[in-house]
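Please give a short report on this structure.

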Amino acid sequence: MDEIKTLTDFQYDALKEVGNIGMGQASTSLSKMMNQPVNISLPYLKLVPLLQLPQLVKNQNPVVGIIQELNGDERGFLLLLLSKESAKHMIKLMLGSAGETDAFDEMEESVLNEMSNIMNGTYISALSNFLGISIGLSIPFQVYDMSDAIVNQIIGLMMHQVNYVLLLKTEFKISSEKIDGAVLIFTDSMSLSIMLDAINRLLGR
Amino acid sequence: MRQIIVGVAELAVVHNPAVLVTIGLGSCVGISFHDPVAKIGALAHVVLPSIERSKYKENPLKFADSAIETAVKIMLQKGCSRNRIKSKIAGGASMFSFRDGMNIGEKNVEAVMRKLNEMKIPVLASDTGGNYGRTLEFHVETGVMVVKSAFRGTKEI
């Protein structure tokens, strides 16, 4: 398979739509879990050199990152980013209370992992079903650290195979609970052709 | 003080005074080089261990082995002396891992050490491994590397 380095406007639009559908379903599952309305942003989508990722994912403060590896037809990573405050608010909503410390205990971590699993799982299965391809997800891995360092390792892991990555980013918000976060999908440009073929099939092109 | 940001797969070689900064090293490794007499310092931010085993070879600064060679070459061109160049390294963490045997941070550190040994460049200090990110500041004036992390404080090596 070749590395895809550019996309047509049509492909961008189609991929954004697919992302929108996936995130729509993911936010519904989050909304059910939290029992609160969840708003999502329009997806940001760009095929970029891996080395440009640090400029696109910047956060001043340490962030909670929940990472899952994609496998099957698409390769890459899925990253859910939350500020510490949002993560604590989310835990509070699920457990009734959250620790005041700067860290997360085992129970809190597992709540965040579980939430991520449900949300990301819904997202990825919506994508898989809609496109008729098979994408799997690894178990979640949680870190609380500088976002640059998280992205740095994603670059390191992907650069073995590719120079380009498709970044699909959607932000979500639970206004009533002061929770906001983002889901980022990094798809390796080698496996992208499977997704593009699937879109063409859907459209009978 | 002049601050120069060294991005992923970048290298800066400068004359004093300057502080070379690389932000958020995860599995990547930051390598500083210093010639105190020529007052020249360098900082490289490498992503992968070896250019030889990679299918993309167009950017030598991505890889530990070829970036070290490039850094030393530029330093010599700028008037450094080969036997005065000393280095320090930091980074090479494993913040998350999904498959056994895929510790890329550790492989990067090994590759950096191997190349520096091969080129007989002494490694004066290192702060590598672990499961957390690091931001580096390399002070060309003093040769001090400041290693900052989100929750494990700041140290000078």
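## A helix in chain A

How many residues does helix H5 of chain A have, and how far does helix H5 reach from its first C-alpha to its last? Helix H5 (residues 147-158) has 12 residues and reaches 17 Å. That is close to the 16 Å expected at 1.5 Å a residue; the expected span is 1.5 Å times one less than the number of residues. Helices (H or I, at least four residues) and strands (E, at least two) are DSSP runs, numbered from the N terminus.

H5(A) is largely enclosed by the rest of the structure, because 12 of its 12 residues are buried. Buried means that 20 or more other C-beta atoms, placed from the backbone, lie within 10 Å of the residue's own. Among them are Ser147(A), Ile150(A), Gly156(A) and Met158(A).

## Model and numbering

This is a predicted model: local features need pLDDT of at least 70, side-chain atom pairs count only at pLDDT 80 or more, and totals for chains, interfaces and linings use all residues. Residues are numbered from 1 along each chain as its sequence is written, while chains are lettered from A and ligands numbered from 1 in the order in which they are written.

## A sheet in chain B

Chain B holds an open sheet of five strands with mixed pairing, in the order S1-S3-S8-S9-S10. Two strands pair if DSSP finds at least two bridges between them. Strand S1 (3-5) and strand S10 (154-156) are the edges, and each pairs on one side only.

Strands S8 (residues 134-139) and S9 (residues 145-148) of chain B pair in the antiparallel sense over four bridges. Here Leu136(B) stands opposite Val147(B) in S9(B).
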